[in-house]
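Here is a short report to read alongside the model. Keep the 3D view open and turn it as you go from section to section.

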Amino acid sequence: MYSASSSVSAPPRPAFPSVAEPALRQPIRRPATALRRTGAPGSHPLSGRLDLTGPQGAQLRTAVAAVQRICPEFTPVQLLRRGGRTALLIGTSGRAPAVAKCLLDQSPAWAERFRHEIAAYRTFVRHRPPVRVPRLIAADPDSCVLVMERMPGRVVSPQRHPAQAPTRGDVRAALQAYSRIALWRPPAGVFDAPIDYPSRISRYHELGLLTDRDMGDLQKLLHGLAHVQGQFCHGDALLSNVLLSPAGPSLVDWEHAGWYLPGYDLAVLWSVLGDDPAARRQISQQAQAAGPAARDAFLVNLMLVLTREIRTYETAVQRTMRAPGPIAPGAAEAGEEQRLLLRRLHDDCGLARRAVRAAVGTR
């Protein structure tokens, strides 16, 4: 890892796929008309009526058939989003608005993640979390299909890394929602721990994303956190997973929910608010309010989250550079936006690294 004070290029790194990392999805080349810092590579919103023609239409027809096998009253109306691994269909179940989520990539690892999300929504039926979540309508773990109530409201930001800072009120609502989840204690045995912290640190070190000193410092902080109680977290605390309505905020996309070191959701939220220093300051203060152990846990989470983001966007830059054939209209501009974001992530990681070293020095 290096501080990106000059033009950023992405060095090739060996691939170690992991389903436990929310951001690691296949990047998509985006046109110049796309907004700066678009959503996580791999998913993009689509508008218009549902088009079931062509090669992609065949895949969608299969998905719709799978949905209607478990929920015959579901009528698809529109494709809300299609990524490399999932498709999200808007429709109705009876007279109620509904959303169907279908797994397109049936690889065992991603199927297991999808089943984990189904298990989360089933748990919410019996044990309501302290925030609003979509009501489960139907689900099939075998075919990896999930039908839920369509929650009213607007997304705080459709972008993973917002080009412009959201309003202070929107950020406050998102932060409060994720903070309430952190205080919830779901039944024992329902959720697992999505991250093996020592293994994740070693893997990033093998990839060249962490230096020897980074690994040593993080291991020292982890050793001091050996007896810290885990915290239940959403696991993918993005602004795009928060819907705001007069009834209050709702949280969606629970496939990475589980037990983490305290402050994981705060670290994710901090990482995507690069253009909002005031919000970052508030998150940092909240993370440190519970004492040195909470501070150290937040810093470990932050280093791993930022390193994951760097890896994701390095991959996106490499794909843009290696794309065969003539450059598509807007591809150069999109690649430049990715490089600018990558530079900011390196700067953020340098800031987090210094904070980790300071924390180690006070132990």
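## A three-stranded sheet

Let's start with an open sheet of three antiparallel strands, ordered β7-β9-β10. Helices (H or I, at least four residues) and strands (E, at least two) are DSSP runs numbered from the N terminus, and two strands pair if DSSP finds at least two bridges between them. The edge positions go to β7 (154-155) and β10 (250-251); each has a single partner strand, so one side of each lacks a neighbour in the sheet. Between β9 (residues 242-244) and β10 the antiparallel pairing runs over two bridges, with valine 242 opposite leucine 251 of β10. Helix α3 (residues 168-182) lies across β7, β9 and β10, at about 125° to β9. Axes here are lines fitted to C-alpha atoms, for helices over the stretch in contact, and angles run from 0 to 180 degrees between N-to-C directions.

This is a predicted model, in which local features need pLDDT of at least 70 and side-chain atom pairs count only at pLDDT 80 or more, while totals for chains, interfaces and linings use all residues. Residues are numbered from 1 along each chain as its sequence is written, and side-chain values use heavy atoms, with hydrogens and water left out.

## The loop at glycine 248

The loop between β9 and β10 holds glycine 248. Is this glycine buried or exposed? Glycine 248 is buried, at a relative accessible area of 18%; buried means under 20%, exposed over 50% and partly exposed in between (1.4 Å probe, protein chains only). Setting aside neighbours within four places in sequence, glycine 248 contacts Arg132 and Leu243, where contact means heavy atoms within 4.5 Å. Its C-alpha atom is 8.9 Å from that of glycine 153, which is 95 residues away along the chain.

Helix α1 (residues 54-70) has 17 residues, which at 1.5 Å a residue should span 24 Å; the end C-alpha atoms are 25 Å apart, in agreement. The expected span is 1.5 Å times one less than the number of residues. Gly57, Leu60, Ala63, Val64, Ala66 and Val67 of α1 are buried, and their cover includes β2 (74-83), β3 (86-93), β4 (96-103) and β6 (145-149).

Two of these strands, β2 and β3, form a hairpin with two residues between them. They pair in the antiparallel sense over seven bridges, and leucine 79 faces leucine 89 in β3.

## Two nonpolar cores

Which residues touch the most other members of the largest nonpolar core? Among its 82 residues, they are Tyr197, Trp254, Phe298 and Val300. Helix α8 (residues 292-322) gives the most to this core, with twelve residues. A second, separate core has 18 residues, including Leu50, Ala63, Ala66 and Cys102. A nonpolar core is a set of buried Ala, Val, Leu, Ile, Met, Phe, Trp, Tyr and Cys residues joined through side-chain atoms within 4.5 Å.

Not counting residues up to four places away in sequence, tryptophan 254 touches a set that includes His116, Tyr121, Phe124, Ile181 and Phe232. Helix α8 is mostly covered, with 24 of its 31 residues buried. Those 31 residues should span 45 Å at 1.5 Å a residue, and the end C-alpha atoms are 45 Å apart, which agrees.

## The whole chain

Stepping back, the chain has nine helices and eleven strands. Of its 363 residues, 53% count as buried. Among contacts with a separation of 6 or more, 73% join residues 24 or more positions apart.
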